[in-house]
Amino acid sequence: MKKLFALSSFCLLMFAAGNSEAQNPKLTLDLTKPGASVSPQLYGLMTEEINHSYDGGLYAELIRNRIFKDNANIPEAWSVIQEGGAKASIQLVAAKPDNVPFEQRRHAINGALTTCLRLMVDTAGGRAGIANEGYWGVPVLPNTTYNASFYIKGTESRPLPGRPWDPKPTVVVPVIADNTAGPITVSIESNDGKTVYASGTINLVKSALWKKYELKLTTAAGIKPTTDARFVISTNRTGVYYFNLVSLFPPTYHNRPNGNRIDIMKLLADMKPRFLRFPGGNFLEGPKLNDAFPWKTTLGPLEGRPGHTGSWGYRPTDGMGLLEFLEWCEDLKMEPLLAVYAGYSLDEDHVDAGPLLKPYVDDALDEIEYVTGDIHTYWGAKRAADGHPAPFKLSYVEIGNEDGFDRSGSYDGRFAQFYDGIKAKYPNLHCIATIGGRDELGVRGKLTIRKPEIVDEHYYRNAWEMEQDAAHYDKYDRKGFKVFVGEWATREGAPTTNLNAALGDAAWMTGMERNSDLVILSCYAPLFVNVNKATATAPKAWQWDSDLIGYDALKSFGSPSYYVQKMFNRYIGNKVVPVAGANIPTQTRPANKRDSAANKMPEPIPAMFYVATQDTKTGKLFLKVVNATGKPQQVDIDLNGAGKLSPEGTLVVIKGDKPEDTNTINDPEKILPVTTKINGISKRFTRTFDPYSVNVVQINKIK
Ligand code: AHR
């Protein structure tokens with residue numbers, strides 16, 4: 001039985017699906033007149049730092065808490081190593097900026113790297129050091145070279161002389177002799193320390209100044225991939241060692257320094273996405289007014305990136321900075337869709353339109369200049385200095401995110417001020433508004449000062465609701481704004497979605513695709529999830545259930561929803577072909593508490609969904625059919641005005657035995673699309689679509 005709403009003890013009806021009609025469902029495609037154009041940018045990606053999307057996700061850095069700012073109380077993800085007779089301890093230095101003890105001053109590298117980790121080795125006699133557990137483990141692969149780097153300096157332990165007005169110290173700190181100069185061992189090893197997968201040394205020079213050391217660590221061929229590993233920096237000499245910006249990178253996609261994980265980028269590349277909406281989502285805004293995505297401090301060397309508070313309960317490193325987002329777009333041939341911060345924070349505070357908002361508008365203009373300006377502009381030159389002289393193509397700028405939550409009503413004025421500022425300098429840019437649409441948030445406010453060209457609508461629903469509303473956009477007025485479905489998902493399954501969600505997604509996508517003269521852009525959200533559960537030392541990795549792509553430190557996989565996205569993106573024409581359906585099977589959901597209170601039984605809704613598009617250059621037709629029922633459906637297909645057709649075509653199917661079926665990190669390929677050659681295509685043919693399936697039939701013309 002198909003899983004729909006959570007069943008309550010008040011359920012009155014059992015689920016009923018299927019078609020009692022004797023006649024087959026029939027789909028008639030009308031190829032006699034060209035339909036509406038399909039937006040070339042219909043399907044894109046939406047991303048933000050949630051569920052460890054970048055840190056512990058796409059961004060390939062393997063060291064968690066590399067600049068020691070994740071937690072001001074403890075050196076999270078770090079532990080001390082003391083072996084043999086060695087005695088050592090670790091401590092955060094200057095983690096609380098308002099209360100830095102006098103003897104802990106002078107340990108900042110610069111204004112961004114203000115906290116460091118101190119390793120005190122009182123007694124030698126064995127190995128002493130610091131270990132990092134990574135983002136739920138350090139991934140070890142055979143025959144792989146990792147780039148390690150860190151700042152270190154060594155001293156003796158001798159407290160700085162107190163100032164006359166300081167209270168006399170009650171504890172006398174023993175002086176540990178400075179034996180720090182010499183070889184320092186760096187290794188990737190098993191968590192019990194018994195297996196060393198790769199190691200190397202640097203030669204620490206005696207200096208009171210911070211110095212950066214870099215080295216390569218290479219694993220042997222033939223080792224078994226594992227995440228049961230840690231990164232260790234160790235010594236066998238006494239002294240006080242200070243560390244900062246500790247980094248370890250595996251090979252990255254396109255070998256970019258500070259780049260992305262290869263496996264996840266390949267999953268994305270396979271989707272052939274057309275654009276990337278970033279940096280959020282809630283991550284754009286932040287909890288308080290000064291927590292917005294700080295694009296300016298995400299630029300340049302990592303030494304200048306302090307990270308910031310973030311919106312999802314952990315501190316982003318901002319290693320994935322503005323330029324890294326843009327290079328991600330470049331690598332996958334996507335256009336950036338830039339969301340600019342519009343002066344509203346998640347705690348429902350806002351900056352009033354007018355002079356107070358002007359700096360925010362100016363900041364957005366600077367950001368757009370960084371993306372699009374040539375090297376003779378101030379921010380274009382900065383981008384060139386950061387390593388990317390060529391400007392990026394940008395067509396869409398979104399002003400804010402989900403401003404329907406702003407109950408003050410300030411967005412009308414804020415939107416107008418941003419719109420005017422952006423249009424004055426960049427008349428060709430399209431500005432997207434976050435309210436004014438017909439989604440739940442959009443209807444909370446009205447835009448009266450400036451008319452939006454494009455409105456962002458968000459839909460998070462269960463499969464039933466998606467299927468019930470699959471024809472949502474059929475009814476929209478064509479004279480108003482265009483629609484960007486900037487966040488949407490069928491939320492069933494966790495951490496990644498299941499087949500039932502994928503059926504709901506596919507039903508919803510048939511509606512967006514059919515109406516893509518109106519829905520010009522769309523992107524599923526959230527895109528990523530680190531699937532690790534809580535451990536003794538790290539919290540659960542994700543904050544949001546029902547995500548598209550899952551991973552741990554070593555492996556990644558696509559959910560059934562991911563494969564539906566891939567199928568829809570890859571098999572699409574440039575013109576919509578009108579399809580008339582007859583005898584379409586229906587389904588009725590079980591009644592819930594609300595129905596019984598209202599004494600109303602649920603109405604049947606369609607259980608089959610479809611859309612067709614044609615590539616007018618090649619003549620290829622793509623018919624997408626979703627069978628949400630648990631029965632095979634024999635469908636009669638009529639191709640009116642099709643011309644000469646090849647009897648051979650292609651069928652791509654994603655299906656499962658039951659709606660709850662899903663992919664997981666340990667069973668990543670349970671639900672996969674299968675492509676087969678099919679025969680028997682003609683102007684009238686019959687095709688059986690499997691239970692719980694999403695299908696693309698590719699029909700070829702003979703010229
Ligand atoms: O996609 C998760 C969150 O949902 C986004 O950050 C926010 O825009 C929406 O409420």
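Trainee: Which residues are around the ligand?
Mentor: In this predicted model, the residues around the ligand are Glu48, Gly281, Asn282, Trp312, Asn401, Glu402, Tyr460, Glu487, Pro526 and Trp544. Sorted by class, this shell has 4 nonpolar, 3 polar and 3 charged residues.

Trainee: How far is an oxygen atom of the ligand from the side chain of Tyr460?
Mentor: An N or O atom in the side chain of Tyr460 is 2.7 Å from an oxygen atom of the ligand. For Glu487, a polar side-chain atom lies 2.7 Å from an oxygen atom of the ligand. Asn282 takes part through its backbone, with a polar atom there 2.9 Å from a ligand oxygen.

Trainee: What share of the ligand's area does the protein bury?
Mentor: The protein buries 94% of the 280 Å² that the ligand exposes when taken alone.

Trainee: Back to Pro526 in that shell. What kind of peptide bond joins it to Ala525?
Mentor: Ala525 and Pro526 are joined by a cis peptide bond, with omega at about -15°. Pro526 lies in the loop between β20 (519-524) and β21 (528-530).

Trainee: And what about Ala494 and Pro495?
Mentor: A cis peptide bond joins Ala494 and Pro495 as well, and omega there is about -5°. The place of Pro495 is the loop between β19 (482-490) and α8 (499-514).

Trainee: Which residues of α4 are buried?
Mentor: The buried residues of α4 are Val361, Ala364, Leu365, Glu367, Ile368, Glu369, Tyr370 and Val371. As background, an α-helix has 3.6 residues a turn, so residues three or four places apart point the same way.

Trainee: What do the buried residues of α4 pack against?
Mentor: They pack against the helices α3 (322-331), α5 (378-385) and α6 (411-425), and against the strands β15 (335-340) and β16 (396-399).

Trainee: Which residues have a positive phi without being glycine?
Mentor: Ala77 is one of them, with phi at about 75°. Glu348 is another example, with phi near 70°.

Trainee: Where are they, and are they buried or partly exposed?
Mentor: Ala77 lies in the loop between β3 (43-46) and β4 (78-82), and Ala77 counts as buried because its relative accessibility is 7%, under the 20% cut-off. Glu348 is found in the loop between β15 and α4. Its relative accessible area is 36%, so Glu348 is partly exposed.

Trainee: Where is Met120, and why does it count as buried?
Mentor: Met120 sits in strand β6 (residues 116-123). It counts as buried because its relative accessibility is 15%, and buried means under 20%. Leaving aside neighbours within four places in sequence, Met120 is in contact with residues including Lys87, Ser157, Ile176 and Val240.

Trainee: Last one: where is Thr144, and what is it in contact with?
Mentor: Thr144 is found in the loop between β7 (128-132) and β8 (145-155). Beyond its neighbours within four places in sequence, it is in contact with Leu217, Thr218, Thr219 and Pro251. A polar atom of the Thr144 side chain lies 3.4 Å from the backbone oxygen of Leu141. At 9% relative accessibility, Thr144 counts as buried.

Technical notes
Residues are numbered from 1 along each chain as its sequence is written. This is a predicted model: local features need pLDDT of at least 70, side-chain atom pairs count only at pLDDT 80 or more; totals for chains, interfaces and linings use all residues. Side-chain values use heavy atoms; hydrogens and water are left out. A residue is near a molecule or strand if one of its heavy atoms lies within 4 Å of it. A polar contact is a pair of N or O atoms within 3.5 Å; within protein, one must be able to donate a hydrogen and the other to accept it, and residues adjacent in sequence count only if both atoms are side-chain atoms. Accessible areas come from the Shrake-Rupley method with a 1.4 Å probe; for residues, only the protein chains shown count as cover. Ala, Val, Leu, Ile, Met, Phe, Trp, Tyr, Cys and Pro count as nonpolar, Asp, Glu, Lys and Arg as charged, and the others, Gly among them, as polar. Buried means under 20% relative accessible area, exposed over 50%, partly exposed in between (1.4 Å probe, protein chains only). Helices (H or I, at least four residues) and strands (E, at least two) are DSSP runs, numbered from the N terminus. Contact means heavy atoms within 4.5 Å.
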